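Here is a briefing on one protein chain and its ligand.

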Amino acid sequence: MPATLEQLRRCHFAVDLGAARTRVYVKGTGLVVDQPSVAAMNTRTGALIAVGELAEKMTGRTPDYIRVVRPVSGGTVVDIEMAQRMLRHLLGDKMRRALRRKPFLRGAVCTPHNADPLAQRAAIETLVGLGSRRVELVDTLIAAAVGCGLPVEQPEASMIMVCGAAATEVAVLSLGNIVTAERVRVGGEAVDHAIVQHLRHEHELMLPSQNVRPLQLALSGNGLTSHGPAATEIHGRDVCTGLARSVLVDTAAVRDAIQTPLTAVLDSIGKVLRDCPPDLVADLADRGIMMVGGSALLPGFDDMLRQATSMPVHIAERPDVCAVQGLGTMLEGRVEPLELDPVT
Ligand SMILES: Nc1ncnc2c1ncn2[C@@H]1O[C@H](COP(=O)(O)OP(=O)(O)OP(=O)(O)O)[C@@H](O)[C@H]1O
Ligand SMILES: [Mg+2]
């Protein structure tokens, strides 16, 4: 059962547990946590050594006895206990005590569209471990649409595309509900993977996954568009010798390499539009697509969508935190519920 606005208004905090980042909004305070969903633990003692940014930096650089784990995978909590420990550390003592003081702590969490019951259960269990006596579930698509200011409650169509790390969800919303939606398991991680594979095959260069962002940045500005630089110098490690080496990478080839994962995203937009009633599609031709989620910042992604769909494409102001900000807006009671009383 999706939570009602009234139930959400009674919640004290909201959590967006993403494959890449964890965000927490506390009612009356705002966004208090926006950190990578990563924890590092000492396998000898079982103690947690680091969480968030610091733990992410440790990835691939740890001695044997330290293990870096990601308790959320593909938008689902896969290690509930570790997710609880990570969240406790990310919230810190002060915040945790403030929340614990509430006599009947209520939390909200967003889950991917059509999340299966096990995934929903895992999200609920995680918040229960933080002391929540009641947990409300909200569809990420609705939360993100509210967070980027789309007129969700109006009888007109809005199209939203949530570009996460592990998945991309596309939906048409009207009257506060999802009319049609599609979810593809392709996101920022698949794009990063495609770039790493391209460099390995074409240039015999190994690029640590953490260096993919600098590559994207090097290509940025109008980077992954055809107006960007023709070539860019990239540093990495030679696959055979293991020595540091730099190569001149052809930008157009990188653009082609990431086209493959992004084609799946374009297909899902086509499918959503085909399943959508014609009146709503007419609205969408004017209003276009709103992109949210961290991967919406991928340079040139919006241009690619514009070319492929011939529709206006907008990127939200802070695309990465839209979902949790939307939950926050609902917690603070700033969303006017639509009264659909029977006409007498
Ligand atoms: N400036 C940027 N340019 C390109 N990609 C980016 C940028 N910033 C973040 N990303 C990508 O966005 C993804 C993270 O997005 P987001 O924070 O929405 O994910 P998430 O909510 O944790 O994941 P999910 O919703 O899939 O569980 C990462 O894959 C990251 O590579
Ligand atoms: Mg997300």
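In this predicted model, strands E4 and E5 form a hairpin with 5 residues between them. Gly 46 sits in the turn and has a positive phi of about 80°. A second hairpin is built from E15 and E16, again with 5 residues between the strands. Its turn holds Gly 242, whose phi is positive, at about 80°.

- Strand E4 covers residues 39-42, and strand E5 covers residues 48-51.
- The two run antiparallel and are joined by 3 bridges.
- Ala 40 stands opposite Ala 50, which belongs to E5.
- E4 also pairs with strand E6, residues 66-69.
- That pairing is antiparallel too, with 4 bridges.
- Asn 42 has Ile 66 of E6 as its bridge partner.

**The three-strand sheet**
- E14, E15 and E16 make an open sheet, in the order E14-E15-E16.
- Pairing in this sheet is antiparallel.
- The edges are strand E14 (205-206) and strand E16 (244-250), and each pairs on one side only.
- E14 is joined to strand E15 (residues 231-238) by 2 bridges.
- Across that pairing, Leu 205 stands opposite Asp 238 of E15.
- Helix H8, residues 251-274, packs on the sheet and touches E15 and E16.
- The direction of H8 makes about 85° with that of E16.
- E15 and E16 are linked by 7 bridges in the antiparallel sense.
- In E16, Ala 244 stands opposite Arg 237.

**The five-strand sheet**
- Another open sheet has 5 strands, ordered E13-E12-E11-E17-E18.
- Its pairing is mixed.
- Strand E13 (177-184) and strand E18 (313-315) stand at the edges with a single partner strand each, so one side of each has no neighbour in the sheet.
- Ignoring direction, neighbouring strands here are turned by 20° against each other on average.
- Strand E11 (residues 158-163) pairs with strand E17 (residues 289-292) in the parallel sense, over 4 bridges.
- Met 159 has Ile 289 in E17 as its bridge partner.

- Helix H9, residues 278-287, lies across E11, E12 and E13.
- H9 runs at about 115° to strand E12 (168-174).
- Helix H10, residues 301-309, lies across E17 and E18.
- The angle of H10 to E18 is about 160°.

**Two domains**
- The chain is divided into domain 1 (5-144 + 325-331) and domain 2 (151-316).
- Their centres, taken over C-alpha atoms, are 26 Å apart.
- Domain 1 gives 15 residues to the contact, and domain 2 gives 18 residues.
- On the domain 1 side, the largest share comes from helix H5 (residues 140-147), with 4 residues.
- That side of domain 1 divides into 6 nonpolar, 8 polar and 1 charged residues.

**Overall layout**
- The chain has 11 helices and 18 strands.
- Along its principal axes, the C-alpha trace spans about 75 × 60 × 30 Å.
- The chain has a radius of gyration of 21 Å.
- That agrees with a compact globule, because one with 344 residues would have a value near 20 Å.

Terms used:
Residues numbered from 1 in each chain as written. Chains lettered and ligands numbered in written order. Predicted model: local features only at pLDDT ≥ 70, side-chain atom pairs only at ≥ 80, totals over all residues. Pairing = 2+ DSSP bridges. Axes fitted to C-alpha atoms, helices over the stretch in contact; angles between N-to-C directions. Contact = placed C-beta atoms within 7 Å. Domains from an automatic or database assignment. Nonpolar A, V, L, I, M, F, W, Y, C, P; charged D, E, K, R; others polar. Rg over C-alpha atoms; globule rule 2.2 N^0.38 Å.
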